[in-house]
Amino acid sequence: MEQPYSGSACVTAVDHGRRRLLQAAGLSLAALATGNARRLAAVVTPTNSTKHSRLILLGTAGGPTPKVDRSAPANAIVVGDDIYVIDCGNGVARQMVKAGLDLGRIRDVFITHHHSDHDADYGNLLLLAWETDLKTPVGTYGPPPLKRMTELFLEMDAYDIHIRETDEGRPPLAPLIVPHEITHGGPVMHDDNVKVTAALVQHPPVTPAFAYRFDCPDRSIVFSGDARPSQNLIELARGADILVHEVIDLQAIDKVVKDEAMATRLRQHLEAAHTPMSEVGQIATKAGVKTLVLNHFVPGTPPIPDQVWYDAVKPHFNGRLIIGHDLMVL
Ligand SMILES: [Zn+2]
Ligand SMILES: [Zn+2]
């Protein structure tokens, strides 16, 4: 029987089932338990002078309910010392610290859509980064009302922000956050590290909702965000090195929701707005991506074994298939 991927290109800091993999990388769970995540990052960081990218899965759960084994949706791409954050689910700042990332090096933040599992800590991440050591502007990108959300967050925490500006001498926070609202697919941002492109995806009733493609110096990485299958996403992901894609197990959903008062309505939403595990492999195949990384697992409670996801997806995709876990580095 084929097994979920657990090769040397990735490690997780939280999954104790990955003991052998960590040992192969010269790491121990004890070392990780002491918070020695920077050492972990150093192990997987290429050493030559070419700009290489790292993809870190910060949170791989789906849905707003806090989970025991997975944090809320968030990812980071690191190019050189610069960090690009994709989605800000609850706990994103702490997950970044656990991954050994310097909050002061956040360069841009991208929100796929305004469901709270993806944006609950949008303001918190920026505030906590500033209270750590952020001193440089951060561009933020996402659907409306991103500008209003930014204003309201700064207003909500104005008391604390004012105290830290006057008492601790921190630079004013408001000018450091530069929100950009995006309403349609196409080029989003381009700097010396990455070119970012968005595509409209279908995630009813949330609109607009976006998938993002990051063309880095060494490879391309695409995030589906939350989406049901669409040609837009396939075109965005065309030929990408990595596709990070959401997934849902509808049979497991039926068992979970059968006793809930809103069962029929919830089931209809989930089916209309997400991608069944029977179809995600076909999407990756149609797009011709090299590696498919599953994340945003629904349902998350009770947890579904990796092998179940793997066996449902692998028959439809010949490339490398990875079942995502929090703090996995690719
Ligand atoms: Zn979601
Ligand atoms: Zn959503």
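**View 1. Helix 10 and helix 11 run roughly antiparallel to each other.** In this predicted model, the axes of helix 10 (residues 250-257) and helix 11 (residues 263-273) come within 10 Å and cross at roughly 160°. Axes here are lines fitted to C-alpha atoms over the stretch in contact, with angles running from 0 to 180 degrees between N-to-C directions. Angles under 35 degrees count as roughly parallel, over 145 as roughly antiparallel, 65 to 115 as roughly perpendicular and the rest as oblique. The crossing of helix 10 with helix 11 is right-handed, meaning that the near helix is turned clockwise from the far one by less than a right angle. Look for Leu250, Ile253, Asp254 and Val257 of helix 10, which meet Ala263, Leu266, Arg267, Leu270 and Glu271 of helix 11. That contact has 6 nonpolar, no polar and 3 charged residues. Nonpolar covers Ala, Val, Leu, Ile, Met, Phe, Trp, Tyr, Cys and Pro; charged covers Asp, Glu, Lys and Arg; the others, Gly among them, are polar.

**View 2. Helix 12 and helix 13 are oblique to each other.** Helix 12 (residues 277-287) packs against helix 13 (residues 306-313) at an angle of about 55°, with the axes 7 Å apart. This crossing, too, is right-handed. Met277, Ser278, Val280 and Gly281 of helix 12 make the contact with Trp309, Ala312 and Val313 of helix 13. Sorted by class, the contact of helix 12 with helix 13 has 5 nonpolar, 2 polar and no charged residues.

**View 3. Glycine 142 sits in strand 5 (residues 138-142).** Glycine 142 counts as buried because it has 30 C-beta neighbours inside 10 Å; the cut-offs are 20 or more other C-beta atoms within 10 Å for buried, 12 or fewer for exposed, and in between for partly exposed, with C-beta atoms placed from the backbone. Setting aside neighbours within four places in sequence, glycine 142 is in contact with Phe110, Ile111 and Ile182, where contact means C-beta atoms within 7 Å. Proline 208 is 66 residues from glycine 142 in sequence, and their C-alpha atoms are 9.2 Å apart.

**View 4. The whole protein has 13 helices and 14 strands.** Helices (H or I, at least four residues) and strands (E, at least two) are DSSP runs, numbered from the N terminus. Of the 330 residues, 45% are buried.

**Notes.** Residues are numbered from 1 along each chain as its sequence is written, with chains lettered from A and ligands numbered from 1 in the order in which they are written. Local features need pLDDT of at least 70 and side-chain atom pairs count only at pLDDT 80 or more, while totals for chains, interfaces and linings use all residues.

Key
Contact = placed C-beta atoms within 7 Å.
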